[in-house]
Amino acid sequence: MASLKEVRNRIVSVNSTQQITKAMKMVAAAKLRRAQDAITQMRPYAQKLSEMLGTVSAGAETAADSPYKQVRPVQNVLLILVTSDRGLCGAFNTNVVKAAMIRINEQYAEQARRGTVQVMAIGKKGAEAMQRRGFKVNTNHVNAFGSLSFSTVREAAEEAMEQFVNGEFDVVEIIYNEFKNVATQIIRAEQMLPIVSTPAPAGVTTNVNYTFEPNEDEIITELIPKTLKIQLYKAVLESNASEHGARMTAMDKATENAGELLKDLKLVYNRTRQAAITKEILEIVGGAEALAGE
């Protein structure tokens with residue numbers, strides 16, 4: 001059985017850890033509120049922008065001829081992995097990396113064997129994980145969460161768009177955690193490039209008449225790149241909110257586990273202390289009986 005000093009030291013250590021996890025939970029909760037507000041405001045805008053682009057470009061030659069819609073045989077692949085910069089958020093990062101590996105093994109196995117699958121990492125954990133697996137990782141935008149803003153994410157989107165137009169990559173996909181609630185994050189894999197036209201649901205017709213100023217072609221030319229940048233920015237905001245939700249849940253569970261461990265340690269401490277007192281009493285009684293026998 002452990003000594004009283006050892007048990008006492010463990011109790012102090014676990015108690016300190018519990019205070020840290022409790023503080024981290026509170027910090028994550030505060031950050032989650034701001035991140036959740038940001039993605040809640042972004043979703044309707046991103047959805048409406050995508051719908052408007054689909055409706056406007058349905059019969060436009062400019063949209064059909066857009067370099068972002070060019071479908072080529074898939075030789076070179078770029079996966080944009082959105083993870084976090086820090087750990088202590090449960091399986092948040094592991095799930096994204098696992099989804100990326102499943103996607104590569106199922107969809108791009110041949111390209112992976114040729115070494116033509118590259119990763120653009122937004123978040124340090126994803127970069128580290130994919131580098132360990134032998135993939136070429138673009139780390140130019142790995143610190144995007146350090147100063148998260150549209151301008152920061154726009155640079156990553158513009159780089160991916162330029163590489164696609166130049167023929168460096170034939171397909172670009174985004175893999176990230178979509179925020180559902182504090183305890184639930186859903187892994188999403190979305191194709192960013194080439195743009196895939198989404199047909200309207202069966203039975204749904206759109207009778208919207210648009211007035212274009214200055215002209216239709218110029219608006220579509222401007223709208224397509226903006227939609228792509230917003231698509232990536234939305235994914236990053238989703239991941240940001242998901243990260244704080246996952247960390248809040250993980251720290252809450254860790255705090256509970258520390259409480260359970262403290263109960264067990266205190267029970268062990270009391271038993272050890274009682275055994276030590278009993279031993280001392282027995283030694284005293286034994287000594288007294290030995291003196292009495294003399």
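Me: Is Leu-88 buried or exposed?
Reply: Leu-88 counts as exposed because its relative accessibility is 56%. The cut-offs are under 20% relative accessible area for buried and over 50% for exposed, with partly exposed in between (1.4 Å probe, protein chains only).

Me: What sort of model is this, and how are residues numbered?
Reply: This is a predicted model, in which local features need pLDDT of at least 70, side-chain atom pairs count only at pLDDT 80 or more, and totals for chains, interfaces and linings use all residues. Residues are numbered from 1 along each chain as its sequence is written, and side-chain values use heavy atoms, with hydrogens and water left out.

Me: Back to Leu-88, then. Where is it?
Reply: Leu-88 is placed in the loop between strand E1 (77–82) and helix H3 (92–107). Helices (H or I, at least four residues) and strands (E, at least two) are DSSP runs numbered from the N terminus.

Me: What is the phi of Leu-88?
Reply: The phi angle of Leu-88 is near 55°, which is positive although the residue is not glycine.

Me: Which residues does the cis peptide bond join?
Reply: Leu-193 and Pro-194 are joined by a cis peptide bond, with omega at about -5°. Pro-194 is in the loop between strand E5 (184–193) and H7.

Me: And Pro-225, buried or exposed?
Reply: Pro-225 is buried, since its relative accessible area is 16%. Pro-225 is found in helix H7.

Me: Which residue pairs with Arg-103?
Reply: Arg-103 forms a salt bridge with Glu-173, and their closest N and O atoms are 2.9 Å apart. Arg-103 lies in helix H3 and Glu-173 in strand E4 (residues 171–181), so the pair ties together parts that are 70 residues apart in sequence.

Me: What about accessibility for those two?
Reply: Arg-103 is partly exposed because its relative accessible area is 28%. Glu-173, by contrast, counts as buried, its relative accessibility being 1%.

Me: Which residue does Arg-154 pair with?
Reply: Arg-154 forms a salt bridge with Glu-158, with 4.0 Å between the closest N and O atoms. Both residues lie in helix H6 (residues 150–165), four residues apart, or about one turn of the helix. Arg-154 is partly exposed at 34% relative accessibility, and Glu-158 is partly exposed with a relative accessible area of 33%.

Me: And Lys-234, what is its partner?
Reply: Lys-234 forms a salt bridge with Glu-238, the closest N and O atoms being 3.4 Å apart. The two residues are separated by about one helical turn because they are four residues apart in helix H7. Lys-234 is buried, with a relative accessible area of 17%, and Glu-238 is buried, with a value of 0%.

Me: Last one: where does Ile-39 lie?
Reply: Ile-39 lies in helix H1 (residues 4–56) and counts as buried because its relative accessibility is 0%. Ile-39 and Ile-174 are 135 residues apart in sequence, with 17 Å between their C-alpha atoms.

How values were computed
Salt bridge = Lys/Arg side-chain N within 4 Å of Asp/Glu carboxyl O.
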